[in-house]
Amino acid sequence: MKPADRASASDLRKPSLLWSRLHFVLRFLGLTGALACFAGLVLVEPRAWQDCLDALSAPPGTPVHVGGCLLAGGAAAVLLALLAEVVAVLRVAAGRRSAFGFNAVVQVALAAVLLAGVNWWSFGHSLRLDTTREGLFTLPAELRRQLGSLDRDSETTVVVYQRHKTFGALTDKPDRFDYAAERKVVEKVKDLVALLREVGPQLHVEVLDVEEEGYDDKLHELTAHAPELRKAIEGAAENSIFISNRGRKAPAKDSPEYVQQMSFNELYQLDKVQSQQDNGGRGNLVLLGQGADGRGVGPFVRRILNLEQRKPRVGVLVIHQLLTTRGEEASLTLAGLRKALTLHGFEVKDVVLKKGWDRGGFPEAAADTFEESRLEELEGELADLEDSVKELQTERKAVAAEVADLAPRPGEDQVKQLEELSKKYRAQLGGRKLTENLRAQVLALRQRELKLVDEELAARTKERDAKRHERDRLDVDRISEARRMTDVQSKLAYALADCDLLFVPRLTRMSEGDPILPRLYRLDRPQVDAIRDFLEAGKPLFACFGPINEAPNRRMPPGAPPAGPDALENLLGDLGIRMGRQTLLTAADSKAFSERRLNPLLGGTAVEVPPLDFSSDPEAIGGSWRATQVHLPPSPLREGLRVTARSVGKAFDVRLRFPRPVWYESPGGKRPAFDPVLLLSPVSWNEEQPFPSEQRRLRYTPPAPDDPNNGTPNARRRGQFPVGVAVEATLPASWGKAGAGKTVRVAAVGQGGLFVGGELPPPRERLLLQTVNWLLGRDDYLPRADEPWRYPRLALAPEDSEHRLWLWGTRLGLPVLFAYLGFVVLLFRRLR
Amino acid sequence: MEPWLTVALLAVVAVVAAVLAAVLAAGMFQARSLIRRELAAYFVSPIAYVVLVVFLVVTGHLFAQTFNLLTTTGPKGTEWPMQTMFADERFWLVFLFIPPLLTMRLFAEERSSGTLEMLMTAPLRDWQVVLGKYLACLAFYVLLWLPTLVYLPALQGAKTPIVAAAWTPWSITMLGGLGAIVVGLLLLVPRLGTSWRVVSLALIVLGGAAAAVGGALHYTLDETHLIEIPVLLDPAPALTTYLGMFLAGAMFLALGLLISSRVRDQMVAALIALALSLVLIVAGFWRPEQDGGRLYQLVYFFSVPLHFDRAFSRGVIDTRPVILYASTTLFCLFLTVRSLESRRWQ
């Protein structure tokens, strides 16, 4: 090519002045348009595309309209500039020399697309390779398979609810161990949740933190279709996990809602005692992983898989409506028990075993549901109220008539009227004449009386209406039908048919106040037979029987049944459970009785008896009540309680006043599968007659050498006693063929007031829940201690010289060494 | 998919990978002088020592903090020592500066001093120049991490090694491989001819393969082992952390190399690389709630500190960050080659 040709080719590649200036203007326009678009977006605040279009038709002059115009104009300018850029790129690409560059640009663009594509694909199709020794970040294959088999079309919601209260639930004053445990458990729960998220779309996992901004909105959104879930979340007292069958979509009409709840403690539990002793006494954090895998994964997944399982139902057998779980008297009610059980996924059903309390004398046998008993009570109360209202209405009528008579009428002949009134009310006036003054006084008196009667009538009417309303809410037809069933055994069997566990409390002697006469609890044979049938069906029983000792001077109404154990206690005896005849007293009781004898006005002060002993080994305590003299594995239930007690430390404090000893004598000398002792009393002594008198002080005295009880479990002694047993009992052949050889779980505690109260203190709640779970065969719900987790600790103390060497060697040693090398190199470079 | 098709596809991929590796190895062998020169340049430059010292001061401080948690009293502690050390924000704030400082001079210095033209006249192709410089930089980055291996015995709770005379075919293969590596390294020291260089490199590569295979089989199949170091903690998190650090470092270095190839001033190169790295590091400081939402997933995807916090430092290898690091590294290296090439047609 000639030089002139090269120059002309160069000129061709060079853009013309006009194009260059036009290009600049278009680019400037595009940039300004982009800025205008941004300003327009700020003014319009669109939530959808349509908002941008609607902004143009907004009233002129408004910020939205201005924004719309800016957006439209800006977008047009940007488009124009982009068009110009495309033309420019094509022009450049069309050049011969630019072909290389264009080729490179295409390659780079393709590589960028590849980079974005690969990462986009990897974002949605990730794999996690867990290289840890124990596979800590991998769900066990079997659980993964089970979770994978969940219906992909339905969604299960898992809510991790952080209330920032986990291990402090049992104590008012959480310490540094509680806080450290909470932090660690929350971290572990989050890891578990991350694992669950990988299972698939059938699990919708959400974390709900009460301290999070927008908590209420998130809760509302989560529970929009799940009212039961909301109720459960709002009722949770500690960090919990909720599992609901309601997802984000609206459920089908009438589809039932299921909610399962578990506390973080069911995944990991703090072992506070071990935490304090670990690391050579220098302390560590020791958590007890729950479930077979020691990570809580098993219990968690099981709850998800069993979400739609029927709730276990606990039948509560009491003798009076006040003693039920819906009773309103704080010292008698089992309302706290109901609350604890329902909150943890149980249903509760009350059955009242006595009726006819209002007839005087001893009540008769019954098997009424709470509603039946309540209806009977309501009917009695309503009858009283109706009478009362009628009487008041009559009284009001009379008083109102007097007021009408006494009230001065306009234009009346006052003298004549006074004379007439004096005649009419001669008897009340006692022969006196009614004067104007006296008339006014009597009228005021009657008016006040009328007002009082009106108030009384209104109150009684209101009360009657409320009772009527309550009665109307009861299913009177069904109750009436049930009341027609007169066979107590059949009726009780019918009432218990849908129960999975029986709880029979007998509150006899309370911590304070007059005792309830023990013989009031005596059950009739048909009632006991119904309970026996229940046991023969393989269902468990939880008996809490208070002492049956009665004060010697107590007067009995006529027709009183005999004192002593009843047929139900004997039934337990058939299973090997012996309820002691005595009451256990402690030094605190003795002191309290003495103080009361010296100062009668002190009666009623609270007595602080020592707490139950959850840490001692019952085998080491020994005693003639031991089931066998051979070593037995520990009771899983007692072990669970021991773990909880270690978790909480001293705050796990259950105190029982006036319990009775309970022990187990294996029928036929058969060796039990585990140590039957569940609860151990503090140091106490057993007293046949635990009621003080002026002549008799209550204090321990050793038994006489010829005491017939010597050598038996009833022998008088001082020490620790079993006050609760939990056994897997074999039903005796004598009961009949139906249950012969079957094994049932039975627990018995020697105090009926263990779960009485409107609210259960957390330690009692734990005792109740763990016992109930064990009785129902849910052993995997019990706390376990075989998988402890702790922070790794090196065998070096901060005061060791090796410790200091490591610290300073790495903090200073290494940097100084390389600084030294750097200086040497620098010096070497300067060397000529 | 049919099994034979899977096997055939894998075979094709393996052959392609082997050919590619061979081409790269041959190319790098040709560029060995450049690699040596670049690596040596780090050791004579004060900036490398400054980087090394600052890096060791920070990691030493973090080690001391972790070590204290491993020997403390009360309910404090650390379950994952590598997480405590390398998921710490202070570490990443310092780390942020290291790759730009190491890469800023690679091309920018050559460009500003005018030696780039001379380099381009060398009998090397553009990709060999880029990879040669990159490998030298990566080697220095690896060397930077080597002193931190000193921390491992303490972080792992290692006890006195147990040595046993376990002479099995696998242990002998492992020892033979290690011996070959040592011989290969020794042969690299004197100035010998090309054929000796090939022999020494072959000894290193083959010895490494024999040591790896023999070692893996010796420690999985044989009952007694030549040497065992009892450790208190699971060693997997340490291995995955170092793997993650290598991959993440490779990505940041590739990014720095690309920037260095585009600008003339070293300081500008460092600042731009730092600004771009910031995007991948600072997002993790936000520490969004791990609610599994899309936002968290997105932040997690791009945040290198979060990758270490949730995965590498706890013994988990997540494919997302691995692919992100590897693909970004390759992309940046490709762009660097194109950037170098562009000098020809601009």
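A salt bridge is a side-chain nitrogen of Lys or Arg within 4 Å of a carboxyl oxygen of Asp or Glu. In this predicted model, D472(A) and R471(A) give an example, with N and O atoms 3.7 Å apart. The pair counts because 3.7 Å falls within the 4 Å limit. D472(A) is exposed, at a relative accessible area of 54%, while R471(A) is partly exposed at 29%. Side chains of opposite charge can pair when their charged atoms come close.

A search of the whole structure gives 66 salt bridges over all chains. Two further examples lie inside helices of chain A. In the first, E187(A) pairs with K184(A), and the closest N and O atoms are 2.8 Å apart. Both residues belong to helix α7 of chain A, and because they are three residues apart there, about one helical turn separates them. The two partners can also be described by their accessibility. E187(A) is partly exposed, with a relative accessible area of 29%. K184(A) has a relative accessible area of 3% and is therefore buried, the cut-off for buried being under 20%.

The second example is in helix α16 of chain A, which covers residues 436-473. R460(A) and E456(A) form a salt bridge there, with 3.4 Å between the closest N and O atoms. They are four residues apart in the helix, so about one helical turn lies between them. R460(A) counts as partly exposed at 28% relative accessibility, and E456(A) is partly exposed with a relative accessible area of 36%.

Salt bridges can also be followed through several residues in chain B. R37(B), E38(B), R105(B), E109(B), E110(B) and K133(B) are linked by salt bridges into a network.

The next topic is the interface between the two chains. Here 61 residues of chain A are in contact with 66 residues of chain B. The area buried between these chains is about 5,600 Å², and carbon and sulfur atoms give 64% of that area. On the side of chain A, the residues that lose the most area to chain B are F123(A), L794(A) and W806(A), which together make up 13% of what that side buries.

Four salt bridges are found between chain A and chain B. One of these joins R314(B) to D191(A), with 2.9 Å between the closest N and O atoms.

Which elements of chain A supply at least two residues each to the side that touches chain B? They are α5 (98-124), β1 (128-130), α7 (176-197), β3 (203-209) and α25 (801-830). The most is given by α25(A), with 13 residues. By type, the residues on this side of chain A divide into 31 nonpolar, 14 polar and 16 charged.

The two chains are also joined through strands. Strand β1(A) is connected by three bridges to strand β3 of chain B, residues 316-318, and the two strands run antiparallel. Within this pairing, R128(A) stands opposite D318(B) in β3(B).

Technical notes: Residues numbered from 1 in each chain as written. Chains lettered and ligands numbered in written order. Predicted model: local features only at pLDDT ≥ 70, side-chain atom pairs only at ≥ 80, totals over all residues. Heavy atoms only, no water. Contact = heavy atoms within 4.5 Å. Buried area = accessible area lost by both parts, 1.4 Å probe. Nonpolar A, V, L, I, M, F, W, Y, C, P; charged D, E, K, R; others polar. Pairing = 2+ DSSP bridges. Buried < 20%, exposed > 50% of the residue type's maximum accessible area, 1.4 Å probe, protein only.
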